[in-house]
Amino acid sequence: MAGRHFLQIPGPTPVPDRLLRAMHRAMEDHRSSAFPALTRSILSRLPQVVHQTKGEPFVFPATGTAMWEAALVNTVNPGGRLLAVRFGQFSHLFIQTARALGYQVDVLEEPWGEVADPSRIEAALAADTAHEIQGVLLVHNETATGVTSDVAAVRAAIDRAKHPALLLVDGVSSIASLEFQFDAWGVDCAITGTQKGFMLPAGLGILYMSEKALARVDTCTMPRAYFDLRAMRANNAQGFFPSTPALSLLFGLDEALTMLLDEGMAAVAERHRFLANGVRAAVNAWGLRQCAKRPEIASNSLTAVMVPDGHDARQVIEIAFTRYDISLGSGLNEVAGKVFRIGHLGDTNSLTLAGALSGVEMALCDAGIPIMLGSGVGAALQQWRVGA
Ligand SMILES: Cc1ncc(COP(=O)(O)O)c(C=O)c1O
């Protein structure tokens, strides 16, 4: 098809031309005396994305899934007990990863479409009077259902329970798009990848560690090899990496940091809120429901839309892809067939999203879901019109 494909899934997100150009470079010697300048440019600026002033960031050739593992094996001793909240596919997979590593995970179940309930976390931690629980696992933005948990409220709950557990936060679909206050929210480990808010291809995993989490790295008795932060720290201190770095992606990340920090992280978060408001207005105008059970927890980086009973969201997604050249996110696990997801994070703007919503409208109509063509687009444009 002529024209650009609309990659409207919640990651990977479209890569801006500026970042494609930044990555289009000849390879260089990653042991040369010139190389540390790139490492330092990245590692010195990554903390600003999440408002981190203490602790350190780490970058691995890896993805978000791998950073779950990296955070755990460097801070939690073998067989250690953890507390997690499950409210979607990614919180489920975070738990699965921890269990596969041999940890015991106490799970607080929430309905899919809901978020973590701080009072239940507080009660679970208060009941652990022996302080066996070593960490609380929390997905900030559940990409499967389009909801955002309140990390600050979870930290407050941990503090009210006077519990020493670390707070390990998955920020894969929030960091570099939604507000993320690493220091102020008392986060100990924050993980992400490059294929969402950073607007790059998948391939780098990013792990932010607090001083408290870093203090565990040396004493943690969990066996680890590739993800051993001791080796990474020692190399990073000299401006290098223990193994061959993913150089193209590092060039891209360096440029992405310039783009994000030039815009300012508050402005980035505000842009995502503004765009999300338009998409939500479109969903309302179609008369459809979001998977998010309450408006105040709806995510600003993606919207998960429920199709009416008797319809299959997979059909909408397939029609959108084959007839209108737009990719929408599918429903995962419990919400498979019930939900399609519109990604609106990264390098996108109101006009791109207006085009995307047009594609969604045509696909919905073709799939026999009764919506009025133009209704959602019109509602979104009312939100986005500068003079409105
Ligand atoms: C919230 C969340 N966590 C973790 C992951 C897994 O990350 P990756 O696919 O980079 O391994 C994803 C992927 O979409 C995600 O959205």
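Which residues of β9 are buried on one side, and which on the other? The first view answers this. The model is predicted: local features need pLDDT of at least 70, side-chain atom pairs count only at pLDDT 80 or more, and totals for chains, interfaces and linings use all residues. Residues are numbered from 1 along each chain as its sequence is written, and side-chain values use heavy atoms, leaving out hydrogens and water.

**View 1. Strand β9 is covered on both faces.** C189, I191 and G193 are buried on one side, and A190 and T192 on the other. Buried means under 20% relative accessible area (1.4 Å probe, protein chains only); exposed means over 50%, and partly exposed lies in between. β9 spans residues 189-193, and five of its five residues are buried. Strands here are DSSP runs of E with at least two residues; helices are runs of H or I with at least four; both are numbered from the N terminus. In a regular strand, side chains alternate between the two faces of the sheet.

**View 2. β9 pairs with β8 and with β10.** Two strands pair if DSSP finds at least two bridges between them. Strand β8 (residues 166-170) runs parallel to β9, with three bridges. Here V169 faces A190 of β9. T192 has I206 of β10 as its bridge partner.

**View 3. Helices α9 and α10 cross.** α9 covers residues 247-263 and α10 residues 265-286. Their axes come within 5 Å and cross at roughly 85°. Axes are lines fitted to C-alpha atoms, for helices over the stretch in contact; angles run from 0 to 180 degrees between N-to-C directions. The two helices are therefore roughly perpendicular, a term for angles of 65 to 115 degrees. L260, L261 and E263 of α9 meet M265, A267, V268 and R271 of α10. Contact means heavy atoms within 4.5 Å.

**View 4. T13 sits in a loop.** The loop joins β1 (6-8) and α1 (17-23). T13 is buried, with a relative accessible area of 3%. Beyond its neighbours within four places in sequence, T13 contacts L7, Q195, K196, M199 and L345.

**View 5. Five strands form an open sheet.** The order is β1-β13-β14-β12-β11, with mixed pairing. β1 and β11 (289-290) are the edge strands, each pairing on one side only. Strands β12 (residues 302-306) and β14 (residues 339-343) pair antiparallel over five bridges. A304 has R341 of β14 as its bridge partner.

Note on methods: Angles under 35 degrees count as roughly parallel, over 145 as roughly antiparallel, 65 to 115 as roughly perpendicular and the rest as oblique.
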